[in-house]
Amino acid sequence: MRIVSSWGSGWQGDVDVTAGTGALNGWTLTWTWPAGQSISSSWNAQVTSSGSTVTARDVGWNGSIAAGQTRSAAWGFIGSGTATAPAVTCTAT
């Protein structure tokens, strides 16, 4: 996850997804926000949250990634709060 831009009360993040030694036929990302952050809008992912924990899943067309390849800007979002990129866990689905 990288911060693309930020402004007074928000920021834009983009997320790359990289396949390891095997191809991906779908992906799920999870992370926990620091206090005060949330997503106000997103694109190219199904996003749900529970408290400060966020889950983002591929939307079909962007789920397949060949072994060793990266889908740049697989999905993006507008966040509120301080622009701090959290540690993200990616799992194949």
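Predicted model: local features only at pLDDT ≥ 70, side-chain atom pairs only at ≥ 80, totals over all residues.
**View 1**
E6 and E7 run antiparallel and are joined by five bridges. Strands here (E, at least two residues) are DSSP runs, numbered from the N terminus, and two strands pair if DSSP finds at least two bridges between them. Two residues sit between E6 and E7 in this hairpin, and Gly51 in the turn has a positive phi of about 65°.

**View 1. The open sheet.**
Here four strands come together as an open sheet in the order E1-E2-E9-E5, with antiparallel pairing. Strand E1 (2–7) and E5 are the edge strands, each pairing on one side only. On average, neighbouring strands of this sheet are turned by 25° against each other, direction ignored; the axes are lines fitted to C-alpha atoms, and angles run from 0 to 180 degrees between N-to-C directions. Look next at E5 and E9, which pair in the antiparallel sense over five bridges. Ser41 has Ile78 as its bridge partner in E9. As background, strands of a sheet pair through backbone hydrogen bonds, either parallel or antiparallel.

**View 2. Two non-glycine residues with positive phi.**
Ala73 lies in strand E9 and has a positive phi of about 50° although it is not a glycine. Ala73 is partly exposed, at a relative accessible area of 34% (buried means under 20%, exposed over 50%, partly exposed in between, with a 1.4 Å probe and protein chains only). Asn44 is not a glycine either, yet has a positive phi of about 65°. You will find Asn44 in the loop between strand E5 (38–43) and strand E6 (46–50), where its 27% relative accessibility makes it partly exposed.

**View 3. Asn62 in its loop.**
Asn62 belongs to the loop between E7 and strand E8 (64–65). Is Asn62 buried or exposed? Its relative accessibility is 0%, so Asn62 counts as buried. Beyond neighbours within four places in sequence, Asn62 is in contact with Trp27, Asn44, Arg71 and Ala74 (contact means heavy atoms within 4.5 Å).

**View 4. The largest nonpolar core.**
Among the 16 residues of this core, Val17, Trp27, Leu29, Trp31 and Trp75 touch the most other members. The elements giving two or more residues to this core are strand E2 (10–18), strand E4 (27–32), strand E7 (53–57) and strand E9 (70–80). A nonpolar core is a set of buried Ala, Val, Leu, Ile, Met, Phe, Trp, Tyr and Cys residues joined through side-chain atoms within 4.5 Å.

**View 5. Thr93 beside Trp27.**
Thr93 is found in the segment after strand E10 (89–92) and is exposed, with a relative accessible area of 58%. Not counting residues up to four places away in sequence, Thr93 touches Asn25, Gly26, Trp27, Thr28 and Asp58. The Thr93 side chain reaches the backbone nitrogen of Trp27 at 3.3 Å.

How values were computed
Residues numbered from 1 in each chain as written. Heavy atoms only, no water. Polar contact = N/O pair within 3.5 Å; in protein donor to acceptor, adjacent residues only side chain to side chain.
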